[in-house]
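These entries record what I looked up in the structure.

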Amino acid sequence: MAEQVSVPLFEGSDWDFALIQRIYDAVEQIALNELKLDVYPNQIEIISAEQMLDAYSSTGMPLFYKHWSFGKQFVANEMLYRKGLRGLAYELVINSDPCISYIMQENSATMQTLVIAHAAFGHNHFFKNNYAFKQWTDAEGILDYLEFAKSFIARCEERHGQQAVERLLDCAHALMHQGVHRHPRVRARDLKAEAAREAEREAYRDRIYDDLWRTLPAEPKAPVVEADERRKELNLPQENILYFLEKMGPRLEPWQREILRIARLIAQYFYPQRQTKVMNEGCATWCHYQIMTKLHQRGLITDGSFMEFLQSHTNVVYQPNYDVPQFSGFNPYALGFGIMQDIVRISENPTDEDRDWFRDFAGKNDAVGVLKDVWANYRDESFISQFLSPHMIRHWRLFQVMDKQSETELGVAAIHDERGYRRIRRALAREFDIGRQEPDIQIVDVDLAGDRALVLEHLVADGRLLDERDATMVLQSLADLWGYEVRLKELDAVDRRELKAHVLSPQA
């Protein structure tokens, strides 16, 4: 059935707010009625290049506390942008309810159409429906919580001094990647209630405060507790270092604990985005490609506009070969979009090979249904391990190279055969396993009645030790927060043989 041809929404690159509304309505009709996307209410905001640079510097959030590192990033990004050494994103989108999409005022009308389709509907659907975001983030409460965090830290600067607050934030930022719960034993927080909880805690402290408490004699020495019992009482081992510091830090004031809590909750908010980069960008790219194509087929955008879109889209999904200077690994846009396009092909026009590999959906003609299930129930590692097909492996000319430290030559471990496809797919999926990308470091012991030294272990996978300089800097931040000595042992993950040890004391 031929597509109904309509009058183009625009001709040329100029736009105004009325046109943005018409573009949004046309994109929304396709996204909701035809692709059946399920999204948060949208809030579209148009910003300048300088505002985009400012958003870059503060993790893209519309509200954020002040810190010197954000200004440093702003200056660096601005210099590169002014010299023409880097471009700016066409958009920024916030995982919130309503979903906030920032679009650049320098964009052409075609690009505004593209970014609305990409961000306001593609990313928006993924944020709302993916299990990792549902499990770990509170889209409805994040903006209110950021407003609370900004005002709380500003009050702390007034009471305790800007330098003291910045030092604390420096340490907290250094530990943010080790300040998340990686397993679903902890339920997602209601961020709207966090500000109320802190107000209650502060009111309680004011209510019970009595200066006479300072004159009480020191508490008697705590009884000796066996190591196993001590670790059980402290819920050790603990992977979330910021959480442990917040609860157990012996020298932290209440306001310092609250700032650590702020850093920890913000780190947890961003954790699903680090797990789903390929899927998130692939989803948004696939959605904008479908929407822009349908707009063109119906005459709502001109041939010239569609060519402008295709040029931008091609640049976004370009994957450099390994032997060109631009190569820096896999482009998440290209990998995600490529596998999702392949899912459509397998659903609609499968080969015998596809039917053998993907019996659940090959030839069922329900591509959108399969994709929506994928977007909801997978993360990058499981997505690649389940849906990278032999066809895509051949198309991308993938093979596995084995580089063993004990051998002087590289070896080809997997080629394009039945066993090789599975090994390549498994190896590529592991590259996107966040559990392998980041070190497995846990607090394993602390004797609060003894020397109070904090003991940590790093289980070393594949012989990859921590970088000496980075480890020293991060452990120094941890020691400064803890207030006592910090000891880190790096152990082989297989036989727990000690490979290296680090010991840091707090700075005066």
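I checked the sulfur of cysteine 287: the closest cysteine sulfur, in cysteine 283, is 4.2 Å away, too far for a bond. I counted a disulfide as a pair of cysteine sulfur atoms within 2.5 Å. My search of the whole structure found 0 disulfides. Cysteine 287 is buried, at 0% relative accessibility; cysteine 171 is also buried, with a relative accessible area of 10%. I used buried for under 20% relative accessible area, exposed for over 50% and partly exposed in between, with a 1.4 Å probe and protein chains only.

The model is predicted; I required pLDDT of at least 70 for local features and 80 or more for side-chain atom pairs, while totals for chains, interfaces and linings use all residues. Residues are numbered from 1 along each chain as its sequence is written, and side-chain values use heavy atoms, without hydrogens and water.

I next looked up an open sheet of 3 strands, in the order E1-E3-E2 with mixed pairing. Its edge strands, E1 (42–47) and E2 (91–94), each pair on one side only. Strands are DSSP runs of at least two residues, numbered from the N terminus, and two strands pair if DSSP finds at least two bridges between them. I noted that E2 and E3 (residues 99–104) pair in the antiparallel sense over 4 bridges. Valine 93 has serine 101 in E3 as its bridge partner.

Finally, I looked up valine 412, which lies in strand E5 (residues 411–414). I recorded valine 412 as exposed, at 58% relative accessibility.
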